[in-house]
Amino acid sequence: MTSVPEPLDVRFRTAAASSGFLDVAYNLLDSPLGTLLVAASPRGLCRVAYDPEPERQAEELATRFGLRVLRAPLDEPRRQLDEYFERRRRSFELPLDLAGVGPFPRRVLEQLAQVPYGEVTTYGRLAAQAERPRAARAVGTVMNRNPMPIVLPCHRVVGSTGKLVGYGGGLDRKERLLRLEGALL
Amino acid sequence: MMEAVSVPPFERFYETWSGEILAFLRRRLGPAEAEDAFQETFLRALRGYGRLEHGRELRAWAYTIAARVVVDAHRRRRPAGEPVEGAAVDARPAYAEIEHLAGDLPPTERAAVVLRYGYDLSYEDIGAALGSNAVAARQAASSGIRRLRRKELR
């Protein structure tokens, strides 16, 4: 069985990414929190995932965004995430694609995007900002299903008593992110 | 009744068939030219991928695209102005003609006929494209041709 030499493989994936024919490009990035799967559609970043299972996630991305899903270079998200982890960046400047996210989660995620670096908010406060003041629990669910953790900073949302409560990527990662931003001492 | 096979993400299609298609292109074009042809083949496949209706015969589909790229590469290689032997100037390329004629054949026979008579692939390569072998490929091609003749007589 012939395998494709790496330079040729990289050349194709790079050409595919700039061809305009991909529905989604995804890649695996190393980070201090472990390997991340990052994906973008032509409209913007559409996924950040901890502990990637690329095959399953490619299927899921294909279902949501279209079959033309390929592992390909994602230079700009990679650069910005690297800078964030090196404390050289406090906010992301990436277009986001929230296709398939329902109206309420979308409102919540839009509010979440406004929470500044190094600060925290609560589930209740986010619920109020999304005009559903009694929906703190539903906000928790939205955080848990956040399609782009780190970039949409659900790690900055804590319980009303200041307890970290929970995190899709595990509490340990939430704590490390808050520490990185100087929100926890 | 054949079971519906859904089309996998392009990544899986590429990972599954890229090595084999590269080997095929190297055999047909030599190692240097095969690299451009490889890129061209999978870019063409990517372009058409969203229009696939099912995931059957993806291998034969990949070979068909690769074979077309080989024909194009040969054509470019030929010095300008030199006529193609035995071909009318404005004739459609052989593969277009055959693909049109074979359109109604059962899938395996169609692929075998198109790859053999449209692209001049060997039965070994066609067998590979169909996931079988040279003998089965020869059988499929000849039963496809018989079927086409019967249709013509009717």
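Modeller: Two residues are in contact if their C-beta atoms, placed from the backbone, lie within 7 Å. By that rule, 20 residues of chain A touch 20 residues of chain B. This is a predicted model, where local features need pLDDT of at least 70, side-chain atom pairs count only at pLDDT 80 or more, and totals for chains, interfaces and linings use all residues. Residues are numbered from 1 along each chain as its sequence is written, while chains are lettered from A and ligands numbered from 1 in the order in which they are written.

Biologist: Happy to start there! Which elements give two or more residues to the side of chain A that touches chain B?

Modeller: They are α1 (6–19), α2 (54–65) and β4 (69–71) of chain A. Helices (H or I, at least four residues) and strands (E, at least two) are DSSP runs, numbered from the N terminus. The largest share, six residues, comes from α1(A).

Biologist: How do the residues of that side divide by class?

Modeller: Into 12 nonpolar, four polar and four charged. Here Ala, Val, Leu, Ile, Met, Phe, Trp, Tyr, Cys and Pro count as nonpolar, Asp, Glu, Lys and Arg as charged, and the others, Gly among them, as polar.

Biologist: Over to chain B, then. Why are α4(B) and α5(B) called roughly antiparallel?

Modeller: Helix α4 (residues 94–101) of chain B and helix α5 (residues 107–118) of chain B pack at about 155°, with axes 9 Å apart. Axes are lines fitted to C-alpha atoms, for helices over the stretch in contact, and angles run from 0 to 180 degrees between N-to-C directions. Angles under 35 degrees count as roughly parallel, over 145 as roughly antiparallel, 65 to 115 as roughly perpendicular and the rest as oblique. The pair is therefore roughly antiparallel.

Biologist: Which residues meet there?

Modeller: B:A94, B:Y95, B:I98 and B:E99 of α4(B) meet B:V113, B:V114, B:Y117 and B:G118 of α5(B). Their classes are six nonpolar, one polar and one charged.

Biologist: Back to chain A: how do you know whether its radius of gyration agrees with a compact globule?

Modeller: The radius is taken over C-alpha atoms, and the globule rule is 2.2 Å times the number of residues to the power 0.38. For 185 residues the rule gives a value near 16 Å, and chain A has 17 Å, so the two agree. Its C-alpha trace spans about 60 × 35 × 30 Å along the principal axes.

Biologist: And what does the domain assignment of chain A give?

Modeller: Domain 1 (6–85) and domain 2 (103–180), with bounds from an automatic or database assignment. Their C-alpha centres lie 24 Å apart.
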